[in-house]
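Please keep the sequence and the structure in view while reading.

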Amino acid sequence: MNEIISELEKISVDAKQTFGNLSAEQLNFKPSAESWSVGQCFEHLIKTNELFYGELDKIADGTRQNSFWENWSPLSSFGANFLIKSLKSDEKKFKVPTQKIAPPSDVDAQIIEKFAAHQAELAEKIKATESADWQKTVITSPFLAVMTYKLADGFTVVVEHEKRHFRQAERVMQADGFPT
């Protein structure tokens with residue numbers, strides 16, 4: 001657990017240092033019509049992570065039980081390992097699986113502070129699950145019902161997803177036409 005929390009805290013600190021002083025214009029600059037802005041990357045992370053809050057709350061208060069599929073799915077480790085490996089590589093682009101996590105085209109200028117506050121809230125929710133067995137607790141992806149993974153792997157997915165979009169946001173700042 002400490003490693004996951006440390007990673008989230010590091011991402012938060014790095015986000016404030018790297019993107020915290022950007023103007024609203026810089027945060028909302030898109031290199032192309034199909035690309036996301038720096039702000040959209042962080043808004044997407046908040047929306048995505050919040051989809052897990054209900055499950056994390058149930059795990060924390062001890063009311064959540066694995067479903068039949070979560071207990072018996074032969075795909076849990078395979079799916080998680082595939083997803084983690086995919087997130088570590090920036091070569092393949094992914095489509096947003098649901099509009100619930102698609103960021104708006106214009107993002108609030110306070111998005112980085114909002115993200116930092118979100119990270120602290122997420123870390124508290126993760127800490128609240130410490131009494132659960134992270135290897136035996138299996139969660140289902142809110143995006144693909146057949147995809148299940150151990151809670152420990154799920155937290156690794158969250159961290160790698162955040163790192164991926166952090167790198168994406170850095171590339172936006174390096175793009176031609178980025179406002180100075």
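The following paragraphs treat a helix pair, a cavity and an aromatic pair in turn.

The model is predicted. Helix 1 (residues 2–19) and helix 7 (residues 111–127) pack with their axes 10 Å apart, at an angle of about 175°. Angles over 145 degrees count as roughly antiparallel, and helix 1 and helix 7 are therefore roughly antiparallel to each other. Among the residues of helix 1 in this contact are Ile 4, Leu 8 and Phe 19, while helix 7 contributes residues including Phe 115, Leu 122 and Ile 126.

Where is empty space left inside the model? Rolling a probe the size of a water molecule over the atoms shows this. The structure holds 1 cavity of 30 Å³ or more, and the volume of the largest cavity is about 60 Å³. Its lining includes Asn 49, Phe 52, Leu 122 and Ile 139. Helix 8 (residues 151–174) supplies the largest share of this lining, with 4 residues.

The table sets out the two groups of residues by class.

| Group | Nonpolar | Polar | Charged |
|---|---|---|---|
| Lining of the largest cavity | 7 residues | 2 residues | no residues |

In one of them, the ring centres of Phe 29 and Phe 178 lie 5.6 Å apart with the planes at 90°, so the pair is edge-to-face. This pair links distant parts of the chain, 149 residues apart: Phe 29 lies in the loop between helix 2 (24–27) and helix 3 (38–50), and Phe 178 in the segment after helix 8.

Conventions. Residues numbered from 1 in each chain as written. Predicted model: local features only at pLDDT ≥ 70, side-chain atom pairs only at ≥ 80, totals over all residues. Heavy atoms only, no water. 1 Å grid on protein atoms, 1.4 Å probe; cavity = no way out; pocket = protein on both sides within 12 Å on 5 of 7 lines; lining within 4 Å. Points joined across faces, edges and corners; volume = space filled by probe spheres on them. Helix = DSSP H or I, 4+ residues; strand = E, 2+ residues; numbered from the N terminus. Nonpolar A, V, L, I, M, F, W, Y, C, P; charged D, E, K, R; others polar. Axes fitted to C-alpha atoms, helices over the stretch in contact; angles between N-to-C directions. Parallel < 35°, antiparallel > 145°, perpendicular 65-115°, else oblique. Contact = heavy atoms within 4.5 Å. Phe/Tyr/Trp six-rings, centres within 6.5 Å; stacked < 30°, edge-to-face > 60°.
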